[in-house]
Amino acid sequence: MPASAMAISHELQASGLRATTARQLVLAVFERLPDSQLTADEVRAHLAGRGSPMPSATLYRVMVQLTSVGLIRKQQIGQGACLFELHRADRRDHLVCVDCGAIVECEDAPVAACAEAQARRSGYAVHHHKFIVYGSCGACAAAGGSAP
Ligand SMILES: [Zn+2]
């Protein structure tokens with residue numbers, strides 16, 4: 001089993017799903033196109049193009065399952081087609097103020113980038129990460145927020 005297939009299998013199990021062939025095939029389509037939004041028809045076309053055609057009913061059921069555990073997410077566009085994409089909302093790094101609860105998204109995340117680079121060198125297929133800095137924001141620190 002290639003490394004990417006192992007990672008996908010593990011990702012399914014970590015999400016509480018049995019790593020069935022159908023689930024692995026569908027998730028693999030999204031892993032190969034991490035920045036794409038795909039309709040169910042497009043996913044089916046990708047599967048067929050790689051020699052793994054899947055009945056619509058099976059594909060739909062699998063996509064619902066993957067969505068329900070948060071591996072992919074669905075966006076309703078207008079009245080008709082739903083677009084699906086790999087769910088990577090947790091990739092962003094955050095600064096959290098423990099005094100007022102303010103949350104700032106880091107625009108630049110060198111620590112996380114470094115960790116990801118090391119993970120890749122070690123053969124990891126990175127799915128998501130979370131890096132959070134807790135402290136007192138400027139305003140709270142100036143107002144005498146909690147001491148370190
Ligand atoms: Zn604050």
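**A chat about the model**

Modeller: Let's start with helix α2, where Arg23, Gln24, Leu25, Val26, Leu27, Val29 and Phe30 are buried. Buried here is 20 or more other C-beta atoms within 10 Å of a residue's own, exposed is 12 or fewer, and partly exposed is in between, with C-beta atoms placed from the backbone.

Biologist: Before you go on, what kind of model is it, and how are residues numbered?

Modeller: It's a predicted model: local features need pLDDT of at least 70, side-chain atom pairs count only at pLDDT 80 or more, and totals for chains, interfaces and linings use all residues. Numbering starts from 1 along each chain as its sequence is written.

Biologist: OK. How many helices and strands does the protein have?

Modeller: There are six helices and five strands. Those are DSSP runs numbered from the N terminus, with helices being H or I of at least four residues and strands E of at least two. From the N terminus on, the order is α-α-α-α-β-β-β-β-α-β-α.

Biologist: And what share of the residues is buried?

Modeller: Buried residues are 16% of the 148 in the protein.

Biologist: Back to α2, then. How far does that helix reach?

Modeller: Helix α2 covers residues 21-32, so to speak 12 residues, and spans 16 Å from first C-alpha to last. That is close to the 16 Å expected at 1.5 Å a residue, where the expected span is 1.5 Å times one less than the number of residues.

Biologist: At what angle do α2 and α3 pack?

Modeller: About 105°, with the axes of α2 and α3 (residues 40-49) 10 Å apart. Axes are lines fitted to C-alpha atoms, for helices over the stretch in contact, and angles run from 0 to 180 degrees between N-to-C directions. That makes α2 roughly perpendicular to α3. The cut-offs are under 35 degrees for roughly parallel, over 145 for roughly antiparallel, 65 to 115 for roughly perpendicular, and oblique for the rest.

Biologist: Which residues make that contact?

Modeller: Leu25, Val26 and Val29 from α2, and Val43, His46 and Leu47 from α3. Contact means C-beta atoms, placed from the backbone, within 7 Å. By class, the contact of α2 with α3 has five nonpolar, one polar and no charged residues. Ala, Val, Leu, Ile, Met, Phe, Trp, Tyr, Cys and Pro count as nonpolar, Asp, Glu, Lys and Arg as charged, and the others, Gly among them, as polar.

Biologist: What about α2 and α4, how do their axes cross?

Modeller: At roughly 75°, and the axes of α2 and α4 (residues 56-68) come within 10 Å. α2 and α4 are therefore roughly perpendicular to each other. On the α2 side, the contact uses Ala22, Arg23, Val26 and Leu27, and on the α4 side Thr58, Leu59, Val62, Met63, Gln65 and Leu66. The contact of α2 with α4 splits into seven nonpolar, two polar and one charged residues.

Biologist: Switching topic: what order do the strands take in the sheet?

Modeller: Three strands form an open sheet in the order β4-β3-β5, with mixed pairing. Two strands pair if DSSP finds at least two bridges between them. β4 (103-105) and β5 (132-135) stand at the edges with a single partner strand each, so one side of each has no neighbour in the sheet. The twist averages 20° from one strand to the next.

Biologist: Does β3 run parallel or antiparallel to β4, and what about β5?

Modeller: Strand β3 (residues 94-97) runs antiparallel to β4, joined by three bridges. β3 and β5 run parallel, joined by four bridges. Leu95 stands opposite Val104 in β4, and in β5 the bridge partner of Leu95 is Val133.

Biologist: What sits between β3 and β4?

Modeller: A hairpin with five residues between the strands, where Gly101 takes a positive phi near 85°.

Biologist: Last one: is Ser9 buried or partly exposed?

Modeller: Ser9 counts as partly exposed, with 19 C-beta neighbours inside 10 Å. Ser9 lies in helix α1 (residues 3-14). Leaving aside neighbours within four places in sequence, Ser9 is in contact with Ala19 and Gln24.

Biologist: And Ser56, exposed or buried?

Modeller: Exposed, as Ser56 has 10 other C-beta atoms within 10 Å. Ser56 is in helix α4, and the C-alpha atoms of Ser56 and Ala40, 16 residues apart along the chain, are 8.5 Å apart.

Terms used
Contact = placed C-beta atoms within 7 Å.
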